[in-house]
Amino acid sequence: MMLPTAVLAEAAEQAGEAAKSGLPQLDPSTFMPQLIWLAVTYGVLYWALSSFVLPRIGRAIDERRGRIQRDIDEAERLKGETDAAIADYEKSLAEARGRASSIAAENRDKLTAETDAERQRVDHEVNAKVAEAEERIQAMKVRSLAEVDTIATDTAGELVKKLVGGSTSADEVRAALQAAQPGE
């Protein structure tokens with residue numbers, strides 16, 4: 001402990017002299033104590049840094065490196081899960097599209113079959129109504145032709161009666177009309 005007191009005394013003495021002569025660090029007589037104090041200060045600073053500060057900085061760097069690596073590993077794991085989920089989603093979407101297409105095809109085929117059946121039923125009904133109408137038309141034609149003969153016979157009988165003044169029977173008029181028709 002004597003050393004620091006002696007050094008302080010010497011430093012105070014040198015400071016007094018330095019104040020008289022100018023800058024003490026440029027005084028060649030004080031170079032040796034300055035170099036010793038530089039070495040001591042450097043040694044203490046080196047020891048403090050290597051014992052306390054640098055290990056803490058090293059631990060902080062190692063901890064940060066580990067945290068970064070854990071975060072990268074977690075991100076890769078999550079990316080893998082996301083890729084798997086996307087693949088499952090795309091597979092499900094493709095299956096759903098396939099099912100939708102098959103359902104649409106089934107519905108289209110079903111509706112086509114129903115439409116064809118309805119068309120056939122309507123065609124059958126229309127054909128039946130057309131046949132019935134043709135039968136009615138044929139029956140009306142036959143009746144009309146029968147009535148034409150009756151009307152022609154009555155009209156001819158009336159004409160003969162007015163023109164000749166005598167009466168003729170319906171059978172005579174009908175026979176005369178049939179004889180007058182060409183092609184029969």
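## Basis of the description

The model is predicted, so that local features need pLDDT of at least 70 and side-chain atom pairs count only at pLDDT 80 or more, while totals for chains, interfaces and linings use all residues. Residues are numbered from 1 along each chain as its sequence is written, and side-chain values use heavy atoms, with hydrogens and water left out.

## Overall form

The secondary structure comes to 3 helices and 0 strands, and the elements run α-α-α from the N terminus on; helices (H or I, at least four residues) and strands (E, at least two) are DSSP runs, numbered from the N terminus. Helix α1 covers residues 2-21, and helix α2 covers residues 31-164.

The radius of gyration of the protein is 66 Å, whereas a compact globule of 184 residues would have a value near 16 Å; the radius is taken over C-alpha atoms, and the globule rule is 2.2 Å times the number of residues to the power 0.38. Along the principal axes, the C-alpha atoms fill a box of roughly 190 × 35 × 25 Å. Of the 184 residues, 3% count as buried, where buried means under 20% relative accessible area, exposed means over 50%, and partly exposed lies in between (1.4 Å probe, protein chains only). The protein exposes about 15,700 Å², of which carbon and sulfur atoms supply 63%; accessible areas come from the Shrake-Rupley method with a 1.4 Å probe, and for residues only the protein chains shown count as cover.

## The loop between α1 and α2

Gly22 lies in the loop between α1 and α2 and counts as partly exposed, at 38% relative accessibility. Gly22 and Arg67 are 45 residues apart in sequence, and their C-alpha atoms are 56 Å apart in space.

Thr30 is found in the loop between α1 and α2 as well, but Thr30 counts as buried, because its relative accessibility is 5%. When its neighbours within four places in sequence are left aside, Thr30 is in contact with Gln14 and Pro24, contact meaning heavy atoms within 4.5 Å.

## Aromatic pairs and the nonpolar patch

The structure holds 2 aromatic pairs. Rings of Phe, Tyr and Trp (its six-membered ring) pair if their centres lie within 6.5 Å, and planes under 30 degrees apart count as stacked, over 60 as edge-to-face and the rest as tilted. The pair of Tyr42 and Tyr46 is stacked, because the ring centres are 6.4 Å apart and the planes stand at 25 degrees. Both tyrosines, Tyr42 and Tyr46, lie in helix α2, 4 residues apart, which is about one turn of the helix; Tyr42 is exposed at 57% relative accessibility, and Tyr46 is exposed at 55%. Trp47 and Phe52 form an edge-to-face pair, with 5.5 Å centre to centre and 85 degrees between the planes. Trp47 counts as exposed at 51% relative accessibility, while Phe52 is partly exposed at 47%.

Trp47 and Phe52 also belong to a nonpolar surface patch of about 760 Å², made together with Leu45, Leu49, Val53, Leu54, Ile57 and Ile61. Patches are made of residues with over 30% relative accessible area and no salt bridge, like charges being joined within 9 Å and nonpolar side chains (Val, Leu, Ile, Met, Phe, Trp, Tyr) within 5 Å. Val53 is placed in helix α2 and is partly exposed, with a relative accessible area of 36%.

## Salt bridges

The structure holds 9 salt bridges, each being a side-chain nitrogen of Lys or Arg within 4 Å of a carboxyl oxygen of Asp or Glu. In the bridge between Asp116 and Arg119, the closest N and O atoms are 3.2 Å apart; these two residues are separated by about one helical turn, because they are 3 residues apart in helix α2. Asp116 is partly exposed at 33% relative accessible area, and Arg119 is partly exposed at 47%.

Arg77 forms a salt bridge with Glu81, with 2.3 Å between the closest N and O atoms, and both residues lie in helix α2, 4 residues apart. The side chains of Arg136 and Glu132 meet in another salt bridge (3.0 Å, N to O), and Arg136 and Glu132 lie 4 residues apart in helix α2. Salt bridges that share partners join Glu74, Arg77 and Glu81 into one network.
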